[in-house]
Amino acid sequence: MKRKVKKEKVFSLIFILILVLYPLRHITWGLDLWDTGYNYANFQYMGLEHMDSMWLFSTYFANAVGNLLTKLPFAGSLAGMNFYTGLSVSLLAVGGYLFCTKKLGIGNFTAFLGELAAVSLCWCPTALLYNYLTYLLFFGCVVLLYEGLVKERPWCLALAGVCLGVNVFVRFSNLPQAAMILAVWAYAVLGGRSKGEKGGRIFGKAFQDTLWCLLGYALALLAFLAYIHLRYGLDAYVSGILRLFAMTDNATDYKASSMLMGLIGVYVENLYWVIRIGVIGAVAMILFQVLSVHPFLQKAGRVVCILLSAAMLGWLYYRGFCSLEFYSYGSMLRPGVLFLMLSMLIAFIRILDKGCPLPEKLVSGMMILVVLLTSIGSNNGVYPSLNNLFVATPFTLWQCGRFLKNQKPFRIKKLALSRFPLKGLLAAFLAMFLFQSGLFGLCFVFAEATGVQDVSARVENNQVLSGIGMSPQKAAWLGSITDYVEENHLRGREVILYGQIPALSYYLQMPAAFNPWPDLRSYSAEAMEQALKQTRKEAQESGVFPVVILENQFVRYLEGGEEALLELGVDQKRIDEIKEDEKWKLLLEFMEENGYEQTFTNEKFGIWQASRW
């Protein structure tokens with residue numbers, strides 16, 4: 001027995017070590033010109049001088065934590081920052097593993113396999129700390145609610161409220177996560193009924209526990225608001241958050257209705273596959289039941305069910321349910337969404353099961369809330385939920401393992417139905433899910449919303465990009481513009497970037513004059529107009545105007561107009577968007593008024609500098 005316990009501890013330590021290192025596997029893979037460098041620029045140049053107030057305050061705590069990371073050893077490079085931010089995923093994986101094994105009693109290997117799958121599904125760059133800190137605090141809330149309710153520890157409930165309160169400052173759209181307090185009421189009702197308590201006592205217990213949660217929530221809000229008031233002034237914070245609500249005028253996909261419909265639409269679309277898999281399951285159940293009438297045919301029934309399960313997999317791959325191009329989302333999206341639906345179905349069944357222990361019902365309910373709430377507040381549909389399965393994946397695999405081991409038949413009155421046909425289909429789907437998610441995790445690295453396919457080249461003249469593998473094309477782009485910036489002593493100069501290239505602020509070490517990504521739809525033309533006026537005023541006083549760097553489409557448009565873009569292969573819709581872009585017109589006016597001239601160009605970027613001042 002002692003040897004067995006010692007062996008389990010050794011394996012557990014190995015699993016934990018792997019879960020620490022596995023999230024760091026891609027820290028030197030790929031170069032992203034969008035989100036990764038954009039967020040690192042915000043961390044390095046955090047403040048109203050170089051950031052838009054809306055983005056600064058709506059993700060304040062994430063920016064503050066990121067700013068602290070930039071001060072650590074080796075944080076002056078992209079690989080170093082990827083390492084530090086990647087540790088947030090390591091924390092989630094190890095925390096999920098320990099919670100599942102120590103608190104829920106899930107086996108070490110099952111929990112480890114679940115966490116590997118959860119990490120593999122993390123498509124989002126770790127530079128987006130406002131996502132990963134959200135998941136960490138969300139996970140902390142789950143653990144603390146579990147401890148507070150099961151062990152009756154009020155201070156845990158208060159700390160759970162603190163996690164939810166802090167999360168509002170990690171990302172303002174995390175406000176709906178306060179719905180996690182529903183778990184308190186559900187637990188009180190289920191627990192009270194199991195003990196035969198009356199409604200008044202149940203209500204009193206739920207109300208008391210809720211007050212503890214709200215106390216922690218309110219303390220976190222007040223502490224952050226007090227700090228922001230002292231540092232920036234409460235007016236600046238309120239102004240930034242009000243602009244967040246107003247951005248839906250331009251970015252309609254951030255409207256509550258659009259986000260909700262986008263989320264629901266993914267599940268509805270996946271019902272196409274659910275219905276057909278259900279039909280296969282029904283056919284398997286009927287055939288097995290018919291063949292099981294005679295003992296001689298029972299083995300044949302099992303073979304038929306196994307063949308049907310294999311045929312289901314073949315049909316799913318043939319019909320394009322998921323692809324084998326593991327550098328794309330198509331390899332994991334539909335299996336991942338089907339897994340989410342399976343997780344919520346299993347959790348719902350466990351809540352209704354009278355024989356299910358109360359703590360397990362609590363976890364089931366919280367898991368459903370986490371899956372649903374994680375995606376609310378994002379315009380990425382169901383993708384955020386796929387990125388936050390550090391409890392759901394091991395829990396679901398655990399419940400599926402129980403089902404696969406259970407030999408008892410389903411009973412409908414006097415009719416007994418074997419589980420075997422459904423076991424075959426479930427095992428086949430889980431094998432597909434683990435295969436697809438595992439290879440997606442090994443191959444996928446985010447870059448401009450797609451996956452990296454080539455990391456064979458390096459940029460040798462840029463310290464920030466030292467050791468980073470990228471395509472030869474990107475290496476040529478970044479190498480030549482880095483040479484120009486260094487030769488002309490532009491590092492440290494303020495820059496205005498336009499055209500989906502916000503990461504250059506970080507890669508070239510040039511702080512944004514007012515916003516690294518002004519062409520985002522969420523950044524209004526009114527805000528940019530005011531920012532340009534302020535920039536002009538400050539530049540005229542100092543005699544130093546910001547450098548302007550444009551993406552290739554805008555460079556070619558300035559050089560040759562619409563015809564140049566057509567020759568470049570840009571479609572007419574995109575050309576019309578450029579011509580009608582109010583913010584682009586404002587920037588052009590700013591450049592013309594202040595005598596900007598083109599001083600550098602390559603296949604991707606062009607640089608303009610003011611010659612008049």
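In which helix does Gly66 lie? Gly66 sits in helix α4, which covers residues 60-69; helices here are DSSP runs of H or I with at least four residues, strands are E runs of at least two, and both are numbered from the N terminus. The model is a predicted one, in which local features need pLDDT of at least 70 and side-chain atom pairs count only at pLDDT 80 or more, while totals for chains, interfaces and linings use all residues. Residues are numbered from 1 along each chain as its sequence is written, and side-chain values use heavy atoms, with hydrogens and water left out.

Leaving aside residues up to four places away in sequence, Gly66 touches Phe43, Met81 and Leu129, where contact means heavy atoms within 4.5 Å. Asn39 is 27 residues from Gly66 along the chain, and the C-alpha atoms of the two are separated by 8.5 Å.

Stepping back to the whole protein chain, 24 helices and 8 strands are found. The radius of gyration is 27 Å, close to the 25 Å that the globule rule gives for 613 residues, so the chain is as compact as a globular protein of that length. This radius is taken over C-alpha atoms, and the rule is 2.2 Å times the number of residues to the power 0.38. The C-alpha trace spans about 95 × 55 × 50 Å along its principal axes. Of the 613 residues, 54% count as buried. Among contacts with a separation of 6 or more, 70% come from residues 24 or more positions apart.

Helix α18 (residues 420-443) takes part in two helix pairings described here. In one of them, the axes of α18 and α6 (residues 108-120) come within 8 Å and cross at roughly 55°; axes are lines fitted to C-alpha atoms, for helices over the stretch in contact, and angles run from 0 to 180 degrees between N-to-C directions. The crossing of α6 and α18 is left-handed, meaning that the near helix is turned anticlockwise from the far one by less than a right angle, with clockwise giving right-handed. On the α6 side, Leu113, Ala117 and Ser120 take part, and their partners in α18 include Phe433, Leu434 and Ser437. By class, this contact of α6 with α18 has 5 nonpolar, 4 polar and no charged residues; Ala, Val, Leu, Ile, Met, Phe, Trp, Tyr, Cys and Pro count as nonpolar, Asp, Glu, Lys and Arg as charged, and the others, Gly among them, as polar.

The other pairing joins α18 to α13 (residues 298-318), at an angle of about 35° and with axes 9 Å apart. Here the crossing is right-handed. The residues of α13 that meet α18 include Arg302, Cys305 and Ile306, with Phe420, Pro421 and Gly424 among those on the α18 side. The contact of α13 with α18 holds 13 nonpolar, 3 polar and 1 charged residues.

Glu152, in the loop between α7 (129-150) and α8 (154-170), has phi near 55°, a positive value in a residue other than glycine. Gln509, in the loop between α20 (504-507) and α21 (525-542), also has a positive phi of about 55° without being a glycine. Glu152 is exposed, at a relative accessible area of 53%, whereas Gln509 is buried, at 18%.

Definitions and conventions: Buried means under 20% relative accessible area, exposed over 50%, partly exposed in between (1.4 Å probe, protein chains only).
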